[in-house]
Amino acid sequence: MRRTLVVVGHGMVGHRFVQAAIERGVTERWDLVVIGEEPRPAYDRVALTSFFEVGAEQLSFLPDGAYEDPRVRLLLNTSAVAIDREARTVALSDGTHLAFDELVLATGAGPFVPPIPGKELTGTFVYRTIEDLEAIRAAATHATVGAVIGGGLLGLEAANALVQLGLQTHVVEMAPRLMPVQLDQPAGQTLVRHIEKLGVTVHAGAATTEVIDAGDGTVAGLGLKDADAIPAEVVVFSAGIRPRDQLARDCGLEVAERGGILVDPQCRTSDPTIFAIGECAAPGGRMYGLVAPGYAMAEVAADALLGGPGEFLGADMSTKLKLLGVDVASFGDAFGATEGSLEVVFADAVAGVYKKLVVSETDDGRYRLLGGILVGDASAYGVLRPMVASGMALPENPEELILPASRDGVPQLGMPDDAVVCSCNNVTKASITDALDGEDHACADVACVKSCTKAGSTCGSCVPVVKNLIEQHFSAQGKAVAKGICEHFAHTRQELFDLVLVHGYRSFDPIVAAHGSGRGCDICKPTIASILASQFNDHVLGAETGALQDTNDAYLANLQKNGTYSVVPRIPGGEITPEKLIVIGEVARDYGLYTKITGGQRVDLFGARMEQLPAIWTRLVDAGFESGHAYGKSLRTVKSCVGSSWCRFGVQDSVQMAIDLELRYRGLRSPHKLKGGVSGCARECAEARGKDFGVIATEKGWNLYVCGNGGATPAHAQLLAADLSSVELIRCLDRFLMYYIRTADRLQRTSAWLETLDGGLARVREIVVDDVLGLGTELEAAMAQHVDTYVDEWRATLDDPEKLARFVSFVNAPDTPDPSITFTEERGQITPTLTDGPVQLGVTIPVGAP
């Protein structure tokens with residue numbers, strides 16, 4: 001027998017509960033009735049200020065106004081006015097009564113308006129809903145000055161709204177600093193200096209005594225205790241929030257001393273059939289005024305309904321946000337309340353940066369991180385916050401963690417000596433520094449460091465970090481630091497790209513003759529090979545570029561630890577026919593290859609000897625496969641969910657879009673590998689926002705996110721443009737990718753590139769979306785040239801005997817397997833046999849040798 005679950009409140013937490021209920025299968029047993037008092041469905045209240053820029057529909061979590069699950073009924077513009085626990089009914093504002101078996105209260109919190117004279121005057125507002133903002137916007141058309149009472153998180157958001165509306169803005173805060181719950185006095189002062197540059201006047205340590213009446217029932221200003229009055233025609237109250245627990249009080253549920261509905265760890269109230277979640281709830285007697293704890297409570301309540309063990313035992317109240325354009329973060333024990341704690345502070349008043357770490361000494365004399373505050377530069381938040389939870393020992397000099405960071409996320413002298421820079425070869429920062437300070441032979445460039453320490457000599461992903469450490473080391477000694485990519489070129493990658501573009505060079509020799517010196521090295525040769533491939537799309541093993549490639553591109557396959565190679569056919573969007581799957585299986589079986597399904601929705605085949613690669617690829621190419629470019633600094637995959645074709649939540653055909661994008665950008669050579677993702681709805685099953693470019697479907701089209709990645713230094717992609725048509729999306733992506741390829745440094749991921757770009761994402765948006773430099777047509781043409789000239793590298797290789805000639809282990813015995821390559825078996829498949837000595841690759845026996 002089906003039961004009825006009533007949810008009172010359709011804010012962010014109420015919506016999250018409904019989502020969790022649907023996803024966990026609650027609707028298989030319950031019919032849900034959701035009561036929302038606002039005239040619109042749940043929306044992103046955290047991003048409320050952006051309403052003026054993007055509109056209500058963009059903020060909405062439910063643009064269609066209804067859930068797709070027919071077992072969920074949403075009643076908008078309706079309030080719950082009473083609960084009858086004995087009859088198990090909820091009385092609504094329209095006079096009807098809803099019967100329930102279980103009830104979830106998600107009524108949230110309401111703005112606190114201090115009891116001061118004049119609070120009811122025309123021109124006074126609260127800052128909580130879209131309707132509040134619409135009313136403020138209407139009032140601002142007839143005003144020039146606005147004031148916000150409250151300098152906390154919401155108060156500064158409200159101030160930002162007034163600034164956007166063009167009002168001269170004042171912020172009045174009773175505490176001696178802004179954001180008193182999150183920031184200490186120096187941090188608050190730093191924040192004040194930032195926002196006063198925007199024309200906002202801050203009155204800290206000021207108590208509001210009244211809202212001044214202009215004489216006609218409208219606002220004329222604010223009266224302050226022991227200070228001059230502030231003229232204002234618009235006043236916004238944002239002095240805190242109070243839990244909306246009146247429904248619970250009226251029906252006899254237990255409430256906390258300071259407000260909020262008391263709940264147990266499973267979010268049940270004193271009535272086991274009634275749950276409370278979000279800001280209206282008080283687990284352990286404490287109200288949590290952030291959305292993240294509310295989301296956690298929503299998940300716990302949904303789990304509890306199904307008899308699950310989930311519990312809410314408290315929440316991390318750390319916050320990181322951008323207030324009036326200023327990065328602010330607070331985490332852990334930010335105020336040093338822990339007994340015996342110490343503070344480490346870095347402050348740069350000129351740059352407007354304040355950073356504080358709160359640490360405590362451990363028994364072994366090391367330190368662990370308890371909390372901290374970051375203002376003006378919160379880039380270290382993602383690294384520091386986990387340190388609090390892990391309790392890990394800090395470096396000997398904890399201040400290194402908050403000294404200014406340089407590009408690519410490497411702290412200026414802030415990486416501890418025992419930090420592992422190269423995980424492939426377990427090389428620490430100290431080892432690299434020792435190589436730079438060697439008595440007999442001091443390294444001065446990346447090539448020397450690679451040779452001496454092996455850092456960056458395997459996968460190469462740490463080379464940018466190594467390069468930055470070298471630059472920092474010599475800069476700290478007052479020595480000039482060369483910015484060239486290697487000892488043969490004094491130019492950056494971007495400068496070399498432009499030189500090739502202007503002069504039309506098609507090979508390495510004329511470039512080094514005109515702009516460099518020597519014969520080149522394993523840094524500049526692959527870099528220039530990549531630049532040539534990006535601009536002209538010639539085969540990487542062509543006569544002019546074949547000798548420039550590194551090990552992977554030289555054999556169109558990824559080198560593995562035992563000297564074998566991997567084979568990765570392209571599977572656009574992860575979509576594959578049974579016939580093609582059978583071919584992959586047959587190839588893997590016939591050549592005894594290890595097979596692995598990857599997170600990028602393709603199949604990797606490992607253990608192929610060099611001389612086997614052409615035969616393997618012949619069978620794959622004949623079956624319709626192309627190179628997956630797993631070996632190249634180029635597009636790898638465009639991951640996709642199943643989208644609207646199959647999924648009941650999908651709003652666009654994400655599979656087709658992923659296939660279109662992967663086929664468009666396949667083979668595109670770039671400074672680093674590129675990964676994409678396309679999700680068919682906001683549920684984000686393709687994890688698009690963890691990719692260099694991510695596309696998420698909307699009812700109107702597509703949202704484009706850029707500069708994300710996983711890996712050792714994860715980065716979340718950021719919204720570049722919203723609600724694009726398919727044509728607009730491809731145009732923006734063409735421009736973005738070519739702009740990145742033209743301007744990024746060698747081996748620099750899109751996220752690191754964005755950090756080094758003056759103006760950051762805003763600058764990318766100006767160039768890519770707004771075309772302020774007039775480069776749009778040129779960038780699109782460059783991409784069109786790539787698309788028009790694309791040829792599958794493996795098919796072209798198989799058709800060229802000269803290119804095939806390189807795929808031998810021994811020149812005088814081309815069919816002889818390399819005897820140093822051996823395997824063992826594990827879980828029914830081959831794995832490399834581990835050896836103590838180094839692997840010898842591509843050993844050449846001179847002709848005539850015995």
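Arg731, Asp734, Arg735, Leu737, Met738, Tyr739 and Arg742 of helix α21 meet Gly776, Glu778, Leu779, Glu780, Ala782 and Met783 of helix α24. Contact here means heavy atoms within 4.5 Å. Helices (H or I, at least four residues) and strands (E, at least two) are DSSP runs, numbered from the N terminus. The model is predicted: local features need pLDDT of at least 70, side-chain atom pairs count only at pLDDT 80 or more, and totals for chains, interfaces and linings use all residues. Residues are numbered from 1 along each chain as its sequence is written, and side-chain values use heavy atoms, with hydrogens and water left out.

By class, this contact of α21 with α24 has six nonpolar, one polar and six charged residues. Ala, Val, Leu, Ile, Met, Phe, Trp, Tyr, Cys and Pro count as nonpolar; Asp, Glu, Lys and Arg count as charged; the others, Gly among them, count as polar.

Next comes the geometry. Two packed helices are described by the angle between their axes and the distance between the axes. Axes are lines fitted to C-alpha atoms, for helices over the stretch in contact, and angles run from 0 to 180 degrees between N-to-C directions. Helix α24 covers residues 776-789, and its axis comes within 8 Å of that of α21, crossing at roughly 90°. The two are therefore roughly perpendicular.

On the α21 side the contact uses Cys732, Arg735, Phe736 and Tyr739; on the α23 side it uses Val764, Ile767 and Val768. These residues divide into six nonpolar, no polar and one charged.

Now the cysteines. A disulfide is a covalent bond between the sulfur atoms of two cysteines. Here the rule is a pair of cysteine sulfur atoms within 2.5 Å, and the count comes to one disulfide. Cysteine 443 is joined to cysteine 448, S to S 2.2 Å. The torsion about their S-S bond is about -60°, so the disulfide is left-handed. Both cysteine 443 and cysteine 448 are buried. Buried means under 20% relative accessible area, exposed means over 50%, and partly exposed lies in between (1.4 Å probe, protein chains only).

Cysteine 486 is in no disulfide; the nearest cysteine sulfur, that of cysteine 524, is 3.7 Å away. Cysteine 486 is buried, at 11% relative accessible area. Cysteine 685 is in no disulfide either, with the sulfur of cysteine 641 nearest at 6.0 Å. Cysteine 685 is exposed, at 60%.

Cys448 also belongs to the buried residues of helix α11 (residues 446-453), along with Val446, Val449, Lys450 and Thr453. Just after α11, lysine 454 takes a positive phi of about 75°.

Two single residues complete the tour. Histidine 194 sits in helix α6 (residues 185-196). It counts as buried, at 17% relative accessibility. Leaving aside neighbours within four places in sequence, histidine 194 is in contact with Val326, Ala351, Gly352 and Gly376.

Proline 832 lies in strand β38 (residues 829-832). Its relative accessible area is 32%, so proline 832 is partly exposed. Beyond neighbours within four places in sequence, proline 832 is in contact with Lys561, Asn562, Thr822, Phe823 and Thr824.

Note on methods:
Angles under 35 degrees count as roughly parallel, over 145 as roughly antiparallel, 65 to 115 as roughly perpendicular and the rest as oblique.
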